[in-house]
Amino acid sequence: MDNKETYDFDSKCAMHYNIKGPVNSVAPPIYTSSTYYVDSADHGAVLCAQDKPTDGRSEWLYTRWGNPTNEIPERMITQLEGGYATILTSSGMAAITSSILALLKTGDHAVFSVNIYGGTYEFITDLLPKMGISVDIVDPRDINNYASKIKDNTKLLYGETPANPTLILTDIAALAALGKQHGIPTMVDSTFGSVYNQKPITYGIDIVLHSATKYYSGHTDLVAGTITCASADHYKHISHYVRLLGGTPSPFTGYLLQRGIKTLHLRMPRHNENALTIARFLEKHPKIETVHYPGLESHPQHELAKKQMQGGFGGIIAFTVKGGAEAGRKVIESVQLITLAVSLGGVESLIEQASTMTHIMVPKEERERGGIADGLLRFSVGCENVQDLIQDLTNALNQVVV
Ligand SMILES: Cc1ncc(COP(=O)(O)O)c(C=O)c1O
């Protein structure tokens, strides 16, 4: 076996991860089989009673229990995040809902950060209360806001950092410390940061989630999620619930995902550089009202960003155009190189208006509480030439009459 733990991040992305295949291919086979034969009833009984193993197994039972192709990105992501083990799911939402449901039961309470992905917001404000689970939503910029909501029945502290779409940050180390102080598990959606820039488990967070649809994939050609656990206990518990809830990805998704991860270390520096250059350009542009990007010195949490986003500040910028929602609409409908679409984290640049698209399900007063102005545009900066992107934005902004 290779000694993966000692390799640099770049090698962990690019290297060949062995799985036992029918032939000695370097690229992994796509095992489409839903089920696997066993030698005897006793052998079947042993496999059925097994927990989901973590690494290098040669015996399989049923793809919802685990699949050899899907195990490759799971092992890669575990190495990159620095966790105990990873569970691949059929979407980012499957990762979020399955891991939250695994940890909470009727009568429990959980604290979430304001300004999270719209789907997560809907889940915690609609489904959790229906199950008798109470929720507080706090501004994470002051960790005392989490602390002040902790009760005897609090069983989860949850953060999303940088937050979708305003890019406010949660202090990951402070959240982890608070959880440890009270014996409450901590969970962080790290999608916007990407593992290249931030590794919450290394700060003491218990469970790290990603929409792997975004940076882990990088090519806008799959939907998947990841749950990386710092401990064996959380891994065993959550993988059991993922299996029950059934959010299993297809092996083709697992194949595409490992293929995307192989170039993560090459894509992310370009996302980071392009976004910083464009954020600086927007900040100086006379038609721009506000720019939110943790890499800007003007971002109120820039010092925290430098501390916990050690690889760079990511590829997402949020901004408003003078003239409000109408002016913003003009910009997103005028760009040509940049594509008007939801989602983020791919090599191609995408732009959207949060209040009318990704965050339309969040009530207006809650959006305002989280700083999501009606005209806020979310820009996922891709890997194109940065001057071409700036020219596209310049042309689009020229269409705006202020
Ligand atoms: C921060 C964040 N978390 C979770 C999700 C949900 O991921 P998926 O669409 O893969 O279910 C998204 C989707 O945009 C997201 O931006």
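**Ligand shell and an open mixed sheet**

Helix α4, spanning residues 92-103, is the element that gives the most to the shell around the ligand, contributing 3 residues. The model is a predicted one. In total, 14 residues surround the ligand. M93, D189, S211, T213 and K214 are the closest of these. Sorted by class, the shell comprises 5 nonpolar, 6 polar and 3 charged residues. The ligand is located in the second largest pocket.

At G92, a polar backbone atom is 2.9 Å from an oxygen atom of the ligand. For M93, a polar backbone atom is found 2.8 Å from a ligand oxygen atom. T213 contributes through its side chain, a polar atom of which lies 2.6 Å from an oxygen atom of the ligand.

Elsewhere in the description of the fold, an open sheet is formed by 5 strands, arranged in the order β8-β9-β12-β11-β10 with mixed pairing. Strands β8 (288-292) and β10 (339-340) are the edge strands, each pairing on one side only. The pairing of β10 with β11 (residues 350-353) is parallel and extends over 2 bridges. Within this pair of strands, L340 has I351 of β11 as its bridge partner.

Definitions and conventions. Residues numbered from 1 in each chain as written. Predicted model: local features only at pLDDT ≥ 70, side-chain atom pairs only at ≥ 80, totals over all residues. Heavy atoms only, no water. Near = heavy atom within 4 Å. Polar contact = N/O pair within 3.5 Å; in protein donor to acceptor, adjacent residues only side chain to side chain. 1 Å grid on protein atoms, 1.4 Å probe; cavity = no way out; pocket = protein on both sides within 12 Å on 5 of 7 lines; lining within 4 Å. Sits in = over half its atoms within 2 Å of the grid points. Helix = DSSP H or I, 4+ residues; strand = E, 2+ residues; numbered from the N terminus. Nonpolar A, V, L, I, M, F, W, Y, C, P; charged D, E, K, R; others polar. Pairing = 2+ DSSP bridges.
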